[in-house]
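Reader: I would like to learn how to read a model like this one. Where should we begin?

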Amino acid sequence: MRYRLTFIAGLAFGYVLGTRAGRERYEKLKKSAQQMSQNPAVRNAAESAAQTGREFAEKAYHSVSVKVGERYGDKVPASVAERMRSVRERGQNGQDDWGSSNT
């Protein structure tokens, strides 16, 4: 309950600040965010973070696969096996869910 109240208070606070700033300030923030996202350094950092995340996920997947295989052998539920297969196939097409390359 405490977290809900904190969330609602934050939402109300943000709304009040947003309405006081007005549309002009919103457009200015939006423009600066777009410019920042087009910055090559920011794009490189984001791509680097994405690559690191993919590498970590691959290592975690391998580790979990080994542990599950040791414990259960071929007794992995079909729903889990299908989900793992679909995730693996999705990662092999060269694009992630965001449309960026897996380079």
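**Reading the model**

Author: Begin with a contact. The side chains of Glu47 and Arg54 meet in a salt bridge, 3.2 Å from N to O. Bear in mind that this is a predicted model.

Reader: What is the general idea behind such a contact?

Author: Side chains of opposite charge can pair when their charged atoms come close. Here, a search of the whole structure finds 1 salt bridge.

Reader: How much of the protein counts as buried?

Author: Of its 103 residues, 0% count as buried. The accessible surface comes to about 9,400 Å². Carbon and sulfur atoms hold 60% of that surface.

Reader: Which residues make a nonpolar surface patch?

Author: Phe7, Ile8 and Leu11 make one of about 340 Å². Take Ile8. Its place is in helix α1, residues 2–38. The cut-off for exposed is over 50%. Ile8 is at 51% relative accessibility, so Ile8 counts as exposed.

Reader: What is the secondary structure of the protein?

Author: It comes to 3 helices and 0 strands. Along the sequence the pattern reads α-α-α.

Reader: Where does α1 bend?

Author: At Gly22, by about 100°.

Reader: And how should I read the confidence?

Author: Where pLDDT is low, the predicted coordinates should not be read in detail. The protein averages a pLDDT of 77, and 78% of the residues score at least 70.

Reader: In which helix is confidence lowest, and in which is it highest?

Author: Confidence is lowest in helix α3, residues 78–91, at a mean of 72. Helix α2, residues 40–72, has the highest, at 83.

Technical notes
Residues numbered from 1 in each chain as written. Predicted model: local features only at pLDDT ≥ 70, side-chain atom pairs only at ≥ 80, totals over all residues. Heavy atoms only, no water. Patch = residues over 30% accessible without salt bridge, like charges linked within 9 Å, V, L, I, M, F, W, Y side chains within 5 Å. Areas by Shrake-Rupley, 256 points an atom, 1.4 Å probe, with all protein chains shown as cover. Salt bridge = Lys/Arg side-chain N within 4 Å of Asp/Glu carboxyl O. Helix = DSSP H or I, 4+ residues; strand = E, 2+ residues; numbered from the N terminus. Buried < 20%, exposed > 50% of the residue type's maximum accessible area, 1.4 Å probe, protein only. Bend = angle between axes of the 7 residues up to and from the residue. pLDDT = per-residue confidence, 0-100.
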